[in-house]
Amino acid sequence: LEPADASSHWFTLILLHSCSGGPDDWLPIVHRLDVAFRRNLRIIVPCAPIRHENHSGWSGKMNSWFEYSGDGLHASQPSQLMEQRERLLE
């Protein structure tokens, strides 16, 4: 979502959805965002890639920024975090 007047862009807000979520999760919040600088705000709501995940006996494909480790506490492949960081900074 671009500011009403691109020349008045002051801030960029990047909203990341949860694992298994999607960009649409943010729509109700974005549409109710009431801040004084709203007209100067650009909002970016990217979508995570679809990955195969295994969680507590469940296995399937879902939106996920990275594949979680077996204990669910960190990335099983840290390079995926760097890939997503670079993708978001493009």
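**Exercise 1.** State what share of the residues in this predicted model is buried.

*Solution.* The protein has 90 residues, and buried residues make up 27% of them.

**Exercise 2.** Give the order of helices and strands along the sequence.

*Solution.* Step 1: the protein contains 2 helices and 4 strands. Step 2: read along the sequence, they follow the pattern β-α-β-β-β-α.

**Exercise 3.** Count the aromatic pairs and classify the pair of phenylalanine 11 and phenylalanine 37.

*Solution.* Step 1: the count comes to 3 aromatic pairs. Step 2: the ring centres of phenylalanine 11 and phenylalanine 37 are 4.8 Å apart and their planes stand at 55°, so this pair is tilted. Step 3: phenylalanine 11 lies in strand β1 (residues 11-14), while phenylalanine 37 is in the loop between α1 (27-32) and β2 (41-44), so the pair ties together parts that are 26 residues apart in sequence. Step 4: ring pairs link Trp10, Phe11 and Phe37 into a cluster.

**Exercise 4.** Classify the pair of phenylalanine 66 and tyrosine 68, and say whether each residue is buried or partly exposed.

*Solution.* Step 1: with ring centres 4.6 Å apart and planes at 45°, the pair is tilted. Step 2: phenylalanine 66 has 16% relative accessibility and counts as buried. Step 3: tyrosine 68, at 27%, is partly exposed.

Conventions:
Residues are numbered from 1 along each chain as its sequence is written. This is a predicted model: local features need pLDDT of at least 70, side-chain atom pairs count only at pLDDT 80 or more; totals for chains, interfaces and linings use all residues. Side-chain values use heavy atoms; hydrogens and water are left out. Rings of Phe, Tyr and Trp (its six-membered ring) pair if their centres lie within 6.5 Å; planes under 30 degrees apart count as stacked, over 60 as edge-to-face and the rest as tilted. Buried means under 20% relative accessible area, exposed over 50%, partly exposed in between (1.4 Å probe, protein chains only).
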